Amino acid sequence: MNGDVPVHPVQNNRQPRERAVCPVVVTLAVYEVYSHVFSPQERLITGECRGGFGVGELIAFLYARSFPKSEWRKRTDEAFKGMRL
């Protein structure tokens with residue numbers, strides 16, 4: 001795993017399939033924005049729902065988090081617009 005760093009699963013499109021993870025401090029920040037923009041879905045961070053967040057979601061929600069909370073939905077949409085990974 002990653003030593004002493006607590007992690008959550010994230011989606012991985014690499015071949016061969018390896019277990020992809022991200023530090024909990026990051027996934028919880030992403031989840032905070034996700035929950036505000038959409039609704040809480042704790043299974044996203046535990047990996048029981050589609051294997052966790054995707055890379056695009058990590059990028060979009062972290063980008064949005066750098067703005068005031070009142071702008072999170074707008075900034076998330078802005079980040080996803082034109083994104084292709």
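This is a predicted model: local features need pLDDT of at least 70, side-chain atom pairs count only at pLDDT 80 or more; totals for chains, interfaces and linings use all residues.
Leaving aside its neighbours within four places in sequence, which residues is Thr27 in contact with? Contact here means heavy atoms within 4.5 Å, and on that basis Thr27 is in contact with His8, Val10, Cys22, Ile45 and Phe53. Residues are numbered from 1 along each chain as its sequence is written, and side-chain values use heavy atoms, with hydrogens and water left out.

The overall plan comes next. The chain has four helices and two strands, where helices (H or I, at least four residues) and strands (E, at least two) are DSSP runs numbered from the N terminus. Read from the N terminus on, the elements follow the order β-β-α-α-α-α. The radius of gyration of the chain is 13 Å, close to the 12 Å that the globule rule gives for 85 residues, so the chain is as compact as a globular protein of that length; the radius is taken over C-alpha atoms, and the rule is 2.2 Å times the number of residues to the power 0.38. Along the principal axes, the C-alpha atoms fill a box of roughly 35 × 25 × 20 Å. Of the contacts in the chain with a separation of 6 or more, 44% are accounted for by residues 24 or more positions apart. Among the 85 residues, 36% count as buried, a term that means under 20% relative accessible area, with exposed meaning over 50% and partly exposed lying in between (1.4 Å probe, protein chains only).

Thr27 itself is found in helix α1 and, at 1% relative accessibility, counts as buried. Its side chain is joined to that of His8 by a polar contact of 2.6 Å, a polar contact being a pair of N or O atoms within 3.5 Å, of which, within protein, one must be able to donate a hydrogen and the other to accept it, and residues adjacent in sequence count only if both atoms are side-chain atoms.

From the side of helix α4 (residues 72-80), Thr76 touches Val33, Val37, Ala60, Phe61 and Ala64, not counting residues up to four places away in sequence. Thr76 is buried, with a relative accessible area of 1%, and a polar atom of its side chain lies 2.8 Å from the backbone oxygen of Trp72.

The aromatic residues can be followed in turn. A pair of aromatic rings is described by the distance of the centres and the angle of the planes. Rings of Phe, Tyr and Trp (its six-membered ring) pair if their centres lie within 6.5 Å, and planes under 30 degrees apart count as stacked, over 60 as edge-to-face and the rest as tilted. The structure holds seven such aromatic pairs. One of them, formed by Tyr34 and Phe38, is tilted, at 5.2 Å centre to centre and 45 degrees between the planes. Tyr34 is buried, with a relative accessible area of 14%, whereas Phe38, at 45% relative accessibility, counts as partly exposed. The rings of Phe38 and Phe61 have their centres 6.3 Å apart and their planes at 85 degrees, so this pair is edge-to-face. The pair links distant parts of the chain, with Phe38 in the loop between α1 (24-37) and α2 (43-46) and Phe61 in helix α3 (residues 55-65), 23 residues apart. Phe61 counts as buried at 1% relative accessibility. Ring pairs link Tyr34, Phe38, Phe53, Phe61 and Phe80 into a cluster.

Pro6 is found in the segment before β1 and counts as exposed at 54% relative accessibility. Not counting residues up to four places away in sequence, Pro6 touches Cys22, Pro23 and Val24. Pro6 and Leu85 are 79 residues apart in sequence and 26 Å apart in space, C-alpha to C-alpha.
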